[in-house]
Structure formats: structure tokens, C-alpha cells
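The tour below goes from one selection to the next.

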Amino acid sequence: MDSMMIDTENYLKLIPQMLSELSKPFVGREEESKVILLALLTKEHAVLIGEPGTAKSALIRRAANLLSMKCFTYLLTKYTEPAELFGPLDINALKEGRYVRITLRKLPEAEIVFLDEIFKANSAILNTLLTIMNERLFYDGYTEIKVMLWSLFGASNEVPQDPELEALYDRFLLRHYVKPLPEDMWRDLLKYSWDIERYGYPQPEITLDRATLENVSRLVHMVNFETIKSKLLKIFSMLESKNLHITDRRKGKALKVIAAHAILNNRLTADEEDLMALKFVVPHDIDDFERVYIILSEELKTSYRYLRELEEIATSIKEVNNYIVSFPNINSRFIEYRLLEIYRDLESTRDRVLSMMRETNDEKIHKKGTEVVENINGVLEKIKRKMEGK
Ligand SMILES: Nc1ncnc2c1ncn2[C@@H]1O[C@H](COP(=O)(O)OP(=O)(O)OP(=O)(O)O)[C@@H](O)[C@H]1O
Ligand SMILES: [Mg+2]
């Protein structure tokens with residue numbers, strides 16, 4: 001038990017280290033580094049979409065360098081042939097009537113795969129790719145081979161338009177739109193680019209092997225997300241009502257990303273803020289990235305705002321309570337009037353709390369709200385007794 005706790009602590013500590021190693025040589029690419037790490041933590045695939053020269057390839061290559069795992073990188077074109085990715089046919093075997101590929105150092109043997117211009121994938125390679133990504137199986141003619149693929153990373157300048165590519169796109173649980181840096185980061189960009197130009201990329205200070213990555217990723221399964229489940233369901237239906245459809249595969253896997261996001265924030269309990277990770281899961285079209293971000297931050301802010309407001313109310317109720325207790329029992333018109341005023345204020349505060357509770361499914365808000373309502377009722381009771389002269 002104790003050693004497990006220590007291990008958990010140690011594995012948790014690796015995550016911020018990886019994050020900073022990954023983003024270190026780049027300006028303003030923390031979010032992109034997070035997406036890559038979320039993919040690694042969940043053993044899922046991620047695609048970075050954005051205009052040329054935004055460090056998409058450089059980031060993914062650096063991630064591969066952080067892992068001492070078998071990597072395969074390739075730039076796809078419309079004409080890429082299966083042999084280029086999956087290995088050439090074994091001629092000797094073919095002479096004996098066997099259809100076998102020599103997969104040595106090719107994609108089927110890789111644990112980390114980076115396919116640049118991923119949506120250039122043609123139908124000759126598409127089906128094989130789909131099965132490798134989803135089932136982690138490689139169909140080599142007649143035989144089925146289990147592959148060691150951990151995560152496949154893709155980069156592209158645009159989201160795929162061809163419906164034939166939908167199945168491929170759907171397999172990227174994590175998607176991120178990489179925007180060019182804003183003007184206030186250009187000065188840093190010059191400095192960082194110059195450093196890369198002169199010294200190349202710094203050697204990572206840590207590298208993870210597969211066994212360690214397995215252990216780190218196991219942390220995701222330890223996350224408790226009961227508190228955010230109903231909120232997640234509510235967000236799903238809200239997004240659906242805004243025509244942001246999430247395929248069932250992605251809905252089912254969203255929880256994993258949310259849990260990984262908690263881990264990324266050094267927590268073993270998912271919080272509402274982890275639902276923000278949905279911004280990497282929900283978007284489909286380019287416009288969706290911004291839209292989903294706005295919708296989520298609005299929706300999640302509400303809960304935060306409510307929780308803060310409830311805390312403020314709780315504090316002021318305590319003050320009112322002390323004030324009431326210290327109130328003299330003298331029956332004057334003034335005091336009676338003052339008590340009545342406070343009584344009415346408290347009643348309307350209670351209405352406000354009850355309406356907050358009606359508006360959200362958030363369990364934290366319900367718990368806090370119930371507590372506050374009980375406190376208000378307590379103070380109301382005291383005021384009544386005061387007014388009755390007791
Ligand atoms: N934010 C950044 N910080 C530091 N260097 C950067 C940044 N953005 C771009 N660069 C520099 O620009 C180079 C180009 O990046 P990279 O080739 O990874 O772009 P890309 O997004 O993959 O482009 P393409 O879509 O054309 O493949 C990087 O190797 C790096 O030197
Ligand atoms: Mg590139």
C-alpha cells in the first residue's frame with residue numbers, strides 16, 4: 001500500500017516534468033504540449049491542425065524524443081504506397097505463395113507513429129491504418145498481427161473534407177487547432193528560433209520507456225470522476241442541441257481525457273475545470289475549435305461563479321448571525337423594523353440560492369447550496385424568536 005502510494009507520487013511528478021521538457025524549446029506551445037501529453041496518458045491518437053510553420057511537426061518530433069520507444073515518422077502524399085508505411089512484400093515468401101511484408105522499422109513495428117499530412121492518406125493505405133489505430137491489429141494479407149502502437153500523431157494544414165476520411169479523423173480522439181503566435185510573442189519567437197538555429201533542440205533531461213509510460217498512464221484509471229459525471233452528460237446534450245455532434249466512440253472516451261486532464265493538473269479527483277478538456281474532443285470543423293472553447297468556458301464559468309457566490313453568501317450569513325445574536329432584546333420600533341428588514345433580505349437571498357441550485361446539476365453547488373439554505377433558515381428562526389421577544 002505504502003509503496004504504491006510512493007509510486008503514484010513519483011509517477012505524478014513525471015508529468016509536469018514531461019510537459020515542461022516538451023514545450024521548453026517553443027514559444028507559446030503549452031496547450032499543444034498538453035494535447036500531446038493527454039494522448040500519451042490515454043494511449044490515444046492526436047492530430048494537430050494548423051497553417052504551415054507553426055511547429056506542429058517539431059513538437060511531435062520532440063515528444064517522440066522524450067520517449068525511448070520505437071518511432072516511425074513519415075510524410076504522406078496522395079501517392080504514398082502501402083509498402084512505404086507497412087514494409088515491402090517479401091519476394092522470397094511470395095515465390096512460395098506466401099504474402100508477407102517485411103515490417104522491420106516500418107509502421108507496424110512502431111510504438112509511436114507520426115504521420116505528417118495525415119489526411120493525404122489514400123484508400124490503398126486507409127483501411128490498414130484504420131485497423132491499426134482502432135484495433136491495434138495489422139492485417140498482412142491473410143494473417144493478423146498485433147501491433148505495439150501506443151499513440152499515432154498526425155499533422156495537417158486542414159481538417160479533412162473527403163467523407164472517406166471521416167473514419168480516420170474520428171480515430172483522433174484529440175484534436176487541436178494550432179494558431180500562429182500572437183504579436184506579443186514575436187519577440188520571444190525570434191529569440192527561441194535563433195537558439196534553435198544555433199544550438200539545435202536541447203537534449204531532453206528525461207526520457208520515458210514504455211514500462212514507465214504504462215505506469216504513468218495507469219494513473220488515469222485511478223481518477224475519481226463521480227462528481228463531474230452528471231455535468232458531463234449535461235454538456236453533451238447542450239452541445240448536441242447546438243449542432244455539435246460527438247460520435248459515440250468519442251463520447252465514451254471523453255471521460256478518459258477528462259481523467260487524464262486531472263492527472264495533468266496533479267489531481268486524482270476530476271474537477272469541473274477538467275471538463276475543459278472536451279475542447280480537444282468535441283470540435284470537428286475548423287470553426288468548432290473556437291466555438292466549443294467559448295461554449296465550454298461560459299458553461300463552466302457559471303458553476304465557478306455560483307460556487308464563489310455561494311461562498312460569499314455563506315460568509316455574510318455568518319456575519320448576520322453574529323449580528324442578530326448580539327442584538328439587544330429591547331422591544332423598540334427601530335429594532336423591530338431593522339429585524340424585519342434583515343428577515344426579508346435573507347428570504348430573497350434564500351430564493352437566489354434555490355434558483356442557483358435549480359439551474360445547475362453540479363453536485364458541489366447542490367451540497368454548498370443546501371448548507372447555505374440551512375444556515376439561512378437557522379438565522380430566520382432566530383430573528384422570529386427575537387421579534388416575538390423571546
Ligand atoms: N512557437 C515556436 N517556437 C519556437 N520555434 C518555432 C515556433 N513555431 C515555429 N518555430 C520554428 O519553425 C520551425 C517550423 O516548424 P514545423 O516544421 O514544426 O512547422 P509545421 O507546423 O510542422 O509546418 P508544416 O505544416 O509546413 O509542416 C520549427 O522547427 C521551429 O524552428
Ligand atoms: Mg510539419
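Which residues come nearest to ligand 1? Select P52, A55, K56, S57 and A58: of the 18 residues around ligand 1, these come nearest. A residue counts as near a molecule if its C-beta atom, placed from the backbone, lies within 6 Å of it.

Before going further, note that this is a predicted model, in which local features need pLDDT of at least 70 and side-chain atom pairs count only at pLDDT 80 or more, while totals for chains, interfaces and linings use all residues. Residues are numbered from 1 along each chain as its sequence is written, and chains are lettered from A and ligands numbered from 1 in the order in which they are written.

**The shell around ligand 1**

Colour α3 (56-65) and α8 (186-199), each of which supplies at least two residues of the shell. Helices here are DSSP runs of H or I with at least four residues, numbered from the N terminus. α8 gives the largest share of the shell, 4 residues. By class, the shell holds 10 nonpolar, 6 polar and 2 charged residues. Nonpolar means Ala, Val, Leu, Ile, Met, Phe, Trp, Tyr, Cys and Pro; charged means Asp, Glu, Lys and Arg; the others, Gly among them, are polar.

**α2 against α3**

Axes are lines fitted to C-alpha atoms, for helices over the stretch in contact, and angles run from 0 to 180 degrees between N-to-C directions. Show E32, S33 and I36 of α2 with L59, I60 and A63 of α3, which make the contact (C-beta atoms, placed from the backbone, within 7 Å). These residues divide into 4 nonpolar, 1 polar and 1 charged.

**The domains**

Now zoom out. The domain assignment, automatic or from a database, gives domain 1 (2-220), domain 2 (223-284) and domain 3 (303-387). The centres of domain 1 and domain 3, taken over C-alpha atoms, are 55 Å apart.

**α14 and its two partners**

Select α12 (residues 286-325) and α14 (residues 363-387), which pack at about 20 degrees with axes 10 Å apart. That angle makes α12 roughly parallel to α14. In α12, the residues that meet α14 include Y306, L310 and I317; on the α14 side, I365, V372 and I376 are among them. This contact has 13 nonpolar, 4 polar and 4 charged residues.

At what angle do α13 and α14 pack? The angle is about 160 degrees, with the axes 10 Å apart, which makes α13 roughly antiparallel to α14. Among the contacting residues are L339, Y343 and L346 of α13 and I365, V373 and L380 of α14. By class, this contact has 16 nonpolar, 3 polar and 3 charged residues.

Notes. Contact = placed C-beta atoms within 7 Å. Parallel < 35°, antiparallel > 145°, perpendicular 65-115°, else oblique.
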